Amino acid sequence: MATILETGNHIAQNGDGTVRKKIAIRFVEQVKAAFNGEAPWRPTAFPNTAEILLWIDEFPDQAGKNKAPDKQEGTSFGDLSIIEEFRKSCKLFPLSEVFIWSLDRDLQNYHQMPT
């Protein structure tokens, strides 16, 4: 969920209108393909209200702590939701490799190898 939202935000904030629209069309095609089982990846289930209410209680502490010693930045709610989905996927698929695909080095640390 967060990855789709964050990618959409990124597309809307970069380039000129023609480039943004072109990239947005490709983005829509890829997201639809994933939801329709036509892509080599699949989205996780979107969280329900109860899950979000649990995560939201953790958010102030995560926002207040620096992500890394050399970063004056807390964990955003988007990143927190990605981390929580990672944890849920690790529990659901203990025999699978699970990782957060991200250019953010803080999120790259979340990686489960099959046991």
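Four elements each supply at least two residues of the lining of the largest pocket: α1 (2-13), α2 (17-35), α4 (77-92) and β1 (98-99). Among the contributors to this lining, α1 gives the most, with nine residues. Please keep in mind that the model is a predicted one.

**The largest pocket**

- With a volume of about 1,900 Å³, this is the largest pocket of the model.
- Its lining is made up of 44 residues.
- Sorted by class, the lining of the largest pocket holds 22 nonpolar residues, along with 12 polar and 10 charged ones.

**The second largest pocket**

- Three helices, α3 (49-64), α4 and α5 (105-108), each bring at least two residues to the lining of the second largest pocket.
- The largest share of this lining comes from α4, which provides four residues.
- By class, the lining of the second largest pocket counts six charged residues, four polar and four nonpolar.

**An element at both pockets**

- Helix α4 supplies at least two residues to the lining of the largest pocket, and α4 also supplies four residues to the lining of the second largest pocket.

Key:
Residues are numbered from 1 along each chain as its sequence is written. This is a predicted model: local features need pLDDT of at least 70, side-chain atom pairs count only at pLDDT 80 or more; totals for chains, interfaces and linings use all residues. Side-chain values use heavy atoms; hydrogens and water are left out. On a 1 Å grid over the protein atoms alone, a cavity is a set of points where a 1.4 Å probe fits but cannot get out, and a pocket is an open set with protein on both sides within 12 Å along at least five of seven lines; lining residues have an atom within 4 Å of a point. Grid points are joined across faces, edges and corners, and a volume is the space filled by probe spheres set on the points. Ala, Val, Leu, Ile, Met, Phe, Trp, Tyr, Cys and Pro count as nonpolar, Asp, Glu, Lys and Arg as charged, and the others, Gly among them, as polar.
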